[in-house]
Amino acid sequence: MSERRPYRRPVDPKWWWKPGAYRAYTLRELTGVAVLIYGAVLFFGLLSLSRGPESWAAFLQFLRSPVSVLLHLALLVAVLYHVKTWFEILPKTQPKIIVDGKLVTPETITSYATWAAAACSLVLLLCTLWVTR
């Protein structure tokens, strides 16, 4: 007697490219790779800084190259999209928030979280500028 095998529905290899939620999800997850690449650039910057002035100067020269500028522009667009979608997902991943008996809308949560992140980024930028002056 043969062994039973479960039915496996055929799946289109390009299922992720269909319009709608799959494409948005795939694009959002791919922008995580841009975050990884940018983190690697920062890591190599720290590594070159630790290796001395010549290595740091070479790293800065690389950052000034047209290829690096284009790479950073592409990474900026991808990271901004990643951040935007992350803040949009934020209210969906946490429990319902009720203040004074009213449900806080997802738009309100996203708005406050975005402003809080922008304020923290501004404070960090100002502290960095103050330390380096």
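Buried here means under 20% relative accessible area, exposed means over 50%, and partly exposed is whatever falls in between, with a 1.4 Å probe and protein chains only. The structure is a predicted model, so local features need pLDDT of at least 70 and side-chain atom pairs count only at pLDDT 80 or more, while totals for chains, interfaces and linings use all residues. Residues are numbered from 1 along each chain as its sequence is written, and side-chain values use heavy atoms, with hydrogens and water left out.

On to the overall layout. The chain has four helices and two strands; these are DSSP runs numbered from the N terminus, with helices being H or I of at least four residues and strands being E of at least two. Read from the N terminus, the order of elements is α-α-α-β-β-α. The radius of gyration is 22 Å, well over the 14 Å that the globule rule gives for 133 residues, so the chain is more spread out than a compact globule. That radius is taken over C-alpha atoms, and the globule rule is 2.2 Å times the number of residues to the power 0.38. Along its principal axes, the C-alpha trace spans about 75 × 55 × 30 Å. Of the 133 residues, 15% count as buried. As for contacts (heavy atoms within 4.5 Å), residues 24 or more positions apart account for 43% of those with a separation of 6 or more.

Next, the packing of two helices. Helix α2 (residues 53-64) and helix α3 (residues 66-93) pack at an angle of about 70°, their axes 5 Å apart. The axes are lines fitted to C-alpha atoms, for helices over the stretch in contact, and angles run from 0 to 180 degrees between N-to-C directions. This makes α2 roughly perpendicular to α3; the cut-offs are under 35 degrees for roughly parallel, over 145 for roughly antiparallel, 65 to 115 for roughly perpendicular, and oblique for the rest. On the α2 side the contact is made by Phe62, Leu63 and Arg64, and on the α3 side by Pro66, Ser68, Val69 and His72. These residues divide into four nonpolar, two polar and one charged, where Ala, Val, Leu, Ile, Met, Phe, Trp, Tyr, Cys and Pro count as nonpolar, Asp, Glu, Lys and Arg as charged, and the others, Gly among them, as polar. Phe62, in helix α2, is partly exposed, with a relative accessible area of 39%. Phe62 and Thr108 are 46 residues apart in sequence and 42 Å apart in space, C-alpha to C-alpha.

Then there are the aromatic rings. Rings of Phe, Tyr and Trp (its six-membered ring) pair if their centres lie within 6.5 Å; planes under 30 degrees apart count as stacked, over 60 as edge-to-face, and the rest as tilted. By this rule the count comes to three aromatic pairs. One of them joins Phe43 and Phe44 edge-to-face, at 5.8 Å centre to centre and 65° between the planes. Phe44 counts as partly exposed at 47% relative accessibility. Trp86 and Phe87 also form an edge-to-face pair, 5.1 Å centre to centre with 80° between the planes. Here Trp86 is partly exposed, with a relative accessible area of 43%, whereas Phe87 counts as buried at 11%.

Phe87 turns up again in the surroundings of Thr110. Leaving aside neighbours within four places in sequence, Thr110 is in contact with Phe87, Glu88 and Pro91. Thr110 sits in helix α4 (residues 106-132) and, at 18% relative accessibility, counts as buried. Cys120 is also found in helix α4, but Cys120 is exposed, with a relative accessible area of 53%. Cys120 and Arg5 are 115 residues apart in sequence and 55 Å apart in space, C-alpha to C-alpha.

Gly32, in helix α1 (residues 21-50), is partly exposed, with a relative accessible area of 26%. Gly32 and His82 are 50 residues apart in sequence, yet 6.9 Å apart in space, C-alpha to C-alpha. Asp100 lies in the loop between β1 (98-99) and β2 (102-103). Although Asp100 is not a glycine, its phi is positive, at about 55°. At 77% relative accessibility, Asp100 counts as exposed.
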